[in-house]
Amino acid sequence: MISQASHVWPDHADWRSGTRLASSLVRLREIGSVAASSRHLARQMAMQVDYQQSGLIVELGPGLGAITREVYKRVANRKQLLLIEVGGAFIPELKRQFHGVTVVHDSAEWLLKHVRGRRVAAVVSSLPLRSLPNKVVHRIGVALSQVMDAQTRYIQFTYDLRPTESAYFTHMALEKQYSRIVWRNLPPARVDTFCLATEPPTDHPEKTLLQTSAGS
Ligand SMILES: C[S@@+](CC[C@H](N)C(=O)[O-])C[C@H]1O[C@@H](n2cnc3c(N)ncnc32)[C@H](O)[C@@H]1O
């Protein structure tokens with residue numbers, strides 16, 4: 001599968017070509033990884049979704065569909081799946097692979113518009129929050145806070161394996177429910193699951209704010 005759309009990742013020719021170098025750097029910043037997620041990481045991510053909950057399962061940054069494939073296998077109703085991907089080159093491949101799923105070519109910042117008032121059961125994210133511009137990360141955080149309710153799960157991975165990291169969605173109080181390192185990925189990654197915090201953050205901000213850097 002990766003080979004079918006691997007041209008989407010900037011290649012060596014891009015680095016040699018002055019005209020394409022700038023756009024390659026922008027794409028690398030957006031993609032935030034050198035390769036698609038392994039099956040092991042994808043399974044860990046997909047297993048964190050509660051498939052019994054009604055509502056949309058939104059995936060942010062599906063790329064070539066490594067994680068989508070695992071979610072797609074497990075979901076009973078494919079209409080529940082909404083994929084939001086900013087990289088236009090990924091879109092045809094996602095549409096080809098995932099029948100019955102809504103594939104949107106847009107930035108996760110505009111999530112609210114695509115949810116169209118429906119309940120969101122889970123958000124699965126592999127967005128490279130550590131490399132995206134701060135204003136984009138802020139807007140994504142705002143959009144998440146607008147679509148999540150008390151039962152919504154927010155699932156992400158990060159290549160930063162340290163238990164404490166800097167906050168990215170600082171205005172939003174989230175509570176970590178689950179955390180596990182997946183070693184069989186290049187590079188190893190940590191999967192974290194969050195829900196909205198029941199109490200406002202107090203003296204332990206690292207426990208109550210979303211502290212991770214998803215996707216890279
Ligand atoms: C680290 S890759 C993950 C790809 C795939 N989910 C995987 O795990 O192999 C990050 C993906 O997020 C996408 N992305 C980056 N910024 C985005 C944004 N603002 N909105 C939606 N997708 C975005 C990139 O185009 C890329 O497909």
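The shell around the ligand splits into 14 nonpolar, nine polar and three charged residues; here Ala, Val, Leu, Ile, Met, Phe, Trp, Tyr, Cys and Pro count as nonpolar, Asp, Glu, Lys and Arg as charged, and the others, Gly among them, as polar. Keep in mind that this is a predicted model: local features need pLDDT of at least 70, side-chain atom pairs count only at pLDDT 80 or more, and totals for chains, interfaces and linings use all residues. Residues are numbered from 1 along each chain as its sequence is written.

Of the 26 residues around the ligand, the nearest are A36, S37, G61, G63 and G87 (near means a C-beta atom, placed from the backbone, within 6 Å). At least two shell residues come from each of α3 (18-31), α5 (66-74) and β2 (81-85). Helices (H or I, at least four residues) and strands (E, at least two) are DSSP runs, numbered from the N terminus.

Now for β4 (residues 120-125). Six of its six residues are buried, so the strand is largely enclosed by the rest of the structure (buried: 20 or more other C-beta atoms within 10 Å of the residue's own, C-beta atoms being placed from the backbone). Its pairings, where a pair needs at least two DSSP bridges, look like this:

| Partner of β4 | Sense | Bridges |
|---|---|---|
| β1 (residues 56-60) | parallel | five bridges |
| β5 (residues 153-158) | parallel | four bridges |

S125 is the bridge partner of L60 and also stands opposite Q156 in β5.

Key: A residue is buried if 20 or more other C-beta atoms lie within 10 Å of its own, exposed if 12 or fewer, and partly exposed in between; C-beta atoms are placed from the backbone.
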